[in-house]
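Could you walk me through this structure in my viewer, one selection at a time?

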Amino acid sequence: MTDHPPAILAPATFQRRLLDWFELHGRHDLPWQQDRTPYRVWVSEIMLQQTQVATVIPYFERFMARFPDVQALAAASRDEVLHLWTGLGYYARGRNLHKAACTVVAEHGGDFPVDSLAAMAALPGIGPSTAGAIIAQSTGRRAVILDGNVKRVLTRLHAVEGWPGRPAVERRLWALAEHYTPDRRLVDFTQAMMDLGATLCSRGRPDCAACPFSDACLAHARGEQRRFPESKPRKTLPTRQAAMLVLQDDQGRVLLEQRPSSGLWGGLWSLPQFEDEAGLQGWLDQHAPRAELDAAWSSFTHVFSHFRLEITPRPARVTRLDAVGEGRRWFDPEAPDSIGLAAPVKGLLESLRPFTLSAPESPRFDPQEK
């Protein structure tokens with residue numbers, strides 16, 4: 001396969017068809033489409049990475065209510081930011097959002113560097129496509145985007161072989177995106193490309209009959225819409241084991257510890273986690289020798305992109321603990337603090353209301369949430 005076979009439509013034809021479709025069928029009333037500042041567009045673009053619009057809308061609205069501008073976000077603690085992010089998953093996005101806000105305030109005087117694609121792409125958590133989307137959506141200037149929706153549209157239209165994560169395939173898709181991107185109406189064009197991929201040209205059930213490119217689409221002509229884009233080569237997900245200590249005092253508070261800033265649930269608060277029972281028991285012997293360990297609750301599986309984590313909650317009670325140690329705190333499920341919690345931990349803590357050490361009948365967590 002050569003890197004750059006010719007595009008199948010002239011740019012003007014592609015743009016006219018897409019924008020005509022967008023006028024009638026595109027999304028025009030999303031919250032971040034109102035008052036399109038670089039800040040609001042940026043927050044929405046980060047939240048929308050690997051997350052559907054319907055899920056993002058309430059998070060975005062709560063986020064804007066608490067952090068109306070980049071200065072407010074930069075001034076907040078990371079705990080508060082991650083608290084509002086809890087449930088969206090892929091928590092590195094939330095950490096990078098806070099880092100980028102601090103960078104914009106400290107190095108750019110509180111103004112996003114939308115005059116420079118390179119400067120935007122250099123901010124934490126922002127790559128070339130996200131930078132292009134922010135610039136195009138907030139300023140109307142020409143910038144090329146290539147998010148997952150756009151990749152899917154272009155891959156099917158041209159029947160581009162290979163997984164889009166491969167460098168050669170990605171170069172081909174960037175060349176196509178560059179070819180079709182206009183010099184005007186960038187706000188509408190970039191939104192239309194994302195809308196087309198998210199609605200008609202969806203991954204599972206593309207609606208080819210309603211697509212403005214059905215007569216030109218090579219994948220449709222072959223009846224191979226679902227073969228494109230090719231999936232990433234799959235690997236069998238390994239399973240890891242973890243014991244989570246649910247240590248409660250006589251007031252019903254639960255001991256939490258903060259995860260390291262990078263890695264699994266980085267920066268979030270979680271239950272003390274151990275690879276096995278011996279590690280958990282050793283920690284209790286050292287830090288809470290008077291604790292009474294109860295029978296384990298039922299295990300459940302939490303799925304990450306690169307492994308499965310089988311979690312076994314181990315409840316224990318302690319009357320008094322003189323010191324919890326650095327990076328740990330007591331958490332009251334009846335009066336929860338505004339801190340970022342790992343999703344399965346949040347579900348377990350919610351299931352403890354009112355205070356009890358009995359195994360929860362229906363813990364409120366989603367074992368498939370990443």
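**A tour of the charged side chains**

Start by selecting arginine 66, which is partly exposed, with a relative accessible area of 36%. Keep in mind as you go that this is a predicted model. Colour helix H5 (residues 78-85) and helix H3 (residues 53-66), and you will see glutamate 80 in the former and arginine 66 in the latter, so the pair ties together parts that are 14 residues apart in sequence. Glutamate 80 is also partly exposed, at a relative accessible area of 21%.

How many salt bridges does the structure hold? The count is 17, so let's visit some others.

Next, select Glu161, Arg222, Glu224, Arg227 and Glu230 together; salt bridges link them in a network. Zoom in on arginine 227 and glutamate 224, where the closest N and O atoms of the salt bridge are 3.3 Å apart. Arginine 227 is partly exposed at 35% relative accessibility, and glutamate 224 is partly exposed as well, with a relative accessible area of 26%.

Now move to strand E2 (residues 254-258). Four of its five residues are buried, so the strand is largely enclosed by the rest of the structure. Show its neighbours too: E2 pairs with strand E8 (residues 328-331) in the antiparallel sense over four bridges, and two bridges join E2 to strand E3 (residues 269-270), again antiparallel.

Which residues are its bridge partners in E8 and in E3? In E8 the partner is arginine 328, and in E3 the partner is serine 270. Glutamate 257 counts as buried, at 18% relative accessibility.

For the last stop, go to helix H2 (residues 38-48) and select glutamate 45. This glutamate is buried yet has no salt bridge. What is the nearest side chain of opposite charge? It is arginine 36, 7.6 Å away. To see the contacts of glutamate 45 beyond four places in sequence, show Thr130, Ala133, Ile134 and Met194.

Technical notes. Residues numbered from 1 in each chain as written. Predicted model: local features only at pLDDT ≥ 70, side-chain atom pairs only at ≥ 80, totals over all residues. Heavy atoms only, no water. Buried < 20%, exposed > 50% of the residue type's maximum accessible area, 1.4 Å probe, protein only. Lys, Arg positive; Asp, Glu negative; His and termini not counted. Salt bridge = Lys/Arg side-chain N within 4 Å of Asp/Glu carboxyl O. Contact = heavy atoms within 4.5 Å. Pairing = 2+ DSSP bridges.
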